[in-house]
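Here are my notes for your first look at this model. Please keep the 3D view open and check each point as you read.

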Amino acid sequence: MERVFKILVVLPSLNKAGGIEKVFMNYYQKFDKNFKFDFITHECDNESYKQLIKTKGDNLFVLPKFSMKNLKTILKRMNEIMKNKNYDIIHCHMANAALFYFKVAKKYGVKNRILHGHLTDYADIASHRIRNFFLVNLAKFYTTDYMACGDTAGEFLTKKDFYVMNNCVDINTFKFNDEYRKSIRSKYNIGDEEILLGHVGRLNPVKNQKFILDILSEYSKFNSNVKCIIVGSGPLREELINYSKSLNIGNKIIFVDSTNEVYKYYQAFDCFLLPSFSEGVPTVAVEAQCSNLFTILSNKITKEVKIADNLFYLDIQNPKEWVNFIESNIKKYFNRKGESKVLNSKFDIDVEYKKMQSYYRQLVEKQKNSSRR
């Protein structure tokens with residue numbers, strides 16, 4: 001009988017909009033039956049994730065929002081979950097909360113405690129940056145192994161060795177599909193002759209979506225056939241809507257709530273924009289490349305994510321520079337048929353999930369062998 005590996009995964013949320021959970025669930029659905037997972041999260045609005053976990057016979061625990069006010073309740077629930085479960089591994093994607101999870105995990109004999117880094121800064125707000133600096137570095141006293149979404153995030157997290165769990169996607173889901181393109185553009189009354197700019201991401205300050213609206217405003221001054229769709233939810237939604245009105249582009253911008261069918265929107269776009277102030281390795285950039293979509297990223301984003309020839313980096317100081325670049329190049333990259341460069345790359349889930357299974361196995365075997373000595 002083959003060994004069954006029991007893994008507890010800690011995710012900040014299991015929501016439609018979340019990139020971290022989307023990547024992990026891409027891996028999770030591929031894992032074989034010898035890997036049993038329990039999940040701890042603090043938000044969950046994605047019914048498809050709930051159903052996937054249930055179908056695989058695993059457990060989902062939704063705890064209160066992580067805060068000092070809720071910490072006593074969270075610690076109590078964590079003890080209840082970990083007691084007598086005999087987990088082989090705890091894999092925590094919340095670096096600023098790992099201290100608390102790992103202390104409890106160590107108490108209950110979880111020998112492999114993976115701290116996973118997704119960022120290249122501690123936070124985008126100064127007070128949070130100071131708080132997270134201490135929390136993340138204290139967590140390292142209880143960490144046995146490190147993982148990251150890319151080399152830049154890993155080097156920020158630790159000076160020790162780390163495993164890169166690439167932000168993989170299912171290529172078949174995101175490959176170019178002309179029927180999806182037609183249906184989405186028809187739904188929002190976007191003509192064949194119109195240029196459609198696109199963005200997918202949580203509506204928060206680090207994503208810099210106001211810059212996208214500035215680009216749209218500048219573009220509209222000399223081309224009336226340009227529109228933009230922003231797909232995502234978040235705290236800046238009303239502010240962004242009001243800002244678009246102040247720029248007199250309210251009739252050219254379409255805000256779409258987070259959706260499980262985001263793959264259809266990439267097909268409708270003519271150019272994908274991601275002007276973030278910082279990112280780890282953005283999954284949305286991988287998804288855009290899967291559909292052979294002309295893509296422009298902020299030069300603050302790691303070069304690790306570039307696979308295709310039609311992905312470019314620009315400075316985020318001047319929206320006119322982005323407009324000129326789009327206008328000069330968009331026709332060159334309009335044809336999106338053909339095989340995606342992501343196929344068989346480090347972002348192909350069918351390649352990478354097997355490596356992850358081997359990594360988990362090796363961790364457990366390493367601990368087992370060391371305990372024999």
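**Notes on the fold**

1. Start with two helices, α4 and α5. A98, L99, F100 and F102 of α4 meet L135, L138 and A139 of α5. Sort these contact residues by class: seven are nonpolar, none is polar and none is charged. Bear in mind throughout that this is a predicted model.

2. Now look at how these two helices lie. Helix α5 covers residues 126-139, and its axis comes within 8 Å of the axis of α4. The two axes cross at roughly 25°. Angles under 35 degrees count as roughly parallel, so α4 is roughly parallel to α5. The crossing is left-handed.

3. Helix α4 has another partner. Which helix axis comes within 10 Å of the axis of α4 (residues 98-107)? It is the axis of α3, residues 71-82, and the two cross at roughly 35°. This crossing of α3 and α4 is right-handed. On the α3 side, the contact is made by L71, I74, L75, M78, N79 and M82. On the α4 side, it is made by F100, Y101, V104, A105 and K107. The classes here are nine nonpolar, one polar and one charged.

4. Next, find F66. Where does F66 sit? It lies in the loop between β3 and α3. Set aside its neighbours within four places in sequence, and F66 still touches H42, L71, I74, M94, A97, F100 and Y101. L71 and I74 belong to the α3 side of the contact with α4, and F100 and Y101 belong to the α4 side.

5. F66 also gives a sense of distance along the chain. Between F66 and F255 there are 189 residues of separation in sequence. In space, their C-alpha atoms are 29 Å apart.

6. Helix α1 covers residues 19-28, and its axis comes within 12 Å of the α2 axis. They cross at roughly 30°. The cut-off for roughly parallel is under 35 degrees, so α1 counts as roughly parallel to α2. Is the crossing left-handed or right-handed? It is left-handed. E21, K22, M25 and Y28 of α1 meet Y49, L52 and I53 of α2. Five of the contact residues are nonpolar, none is polar and two are charged.

7. Strands β2 (residues 35-41) and β3 (residues 59-62) run parallel and are joined by four bridges. How does the chain get from β2 to β3? It passes through helix α2, residues 47-55, in a right-handed β-α-β crossover. F39 stands opposite L60 in β3, and I40 stands opposite F61 in β3. As a general rule, side chains in a regular strand alternate between the two faces of the sheet.

8. There is also an open sheet of six strands, again with parallel pairing. Its order is β10-β9-β8-β11-β12-β13. The edge strands are β10 (253-256) and β13 (311-314), and each pairs on one side only. On average, neighbouring strands in this sheet are turned by 25° against each other, direction ignored.

9. Strand β8 (residues 195-200) runs parallel to β9 (residues 226-231). How many bridges join them? The count is six. To place the pair in your viewer, look for L197, which stands opposite C228 in β9.

Technical notes: Residues numbered from 1 in each chain as written. Predicted model: local features only at pLDDT ≥ 70, side-chain atom pairs only at ≥ 80, totals over all residues. Heavy atoms only, no water. Pairing = 2+ DSSP bridges. Right-handed = clockwise from strand over helix to strand, strands pointing away. Axes fitted to C-alpha atoms, helices over the stretch in contact; angles between N-to-C directions. Left-handed = near helix turned anticlockwise from the far one by under 90°. Contact = heavy atoms within 4.5 Å. Nonpolar A, V, L, I, M, F, W, Y, C, P; charged D, E, K, R; others polar. Parallel < 35°, antiparallel > 145°, perpendicular 65-115°, else oblique.
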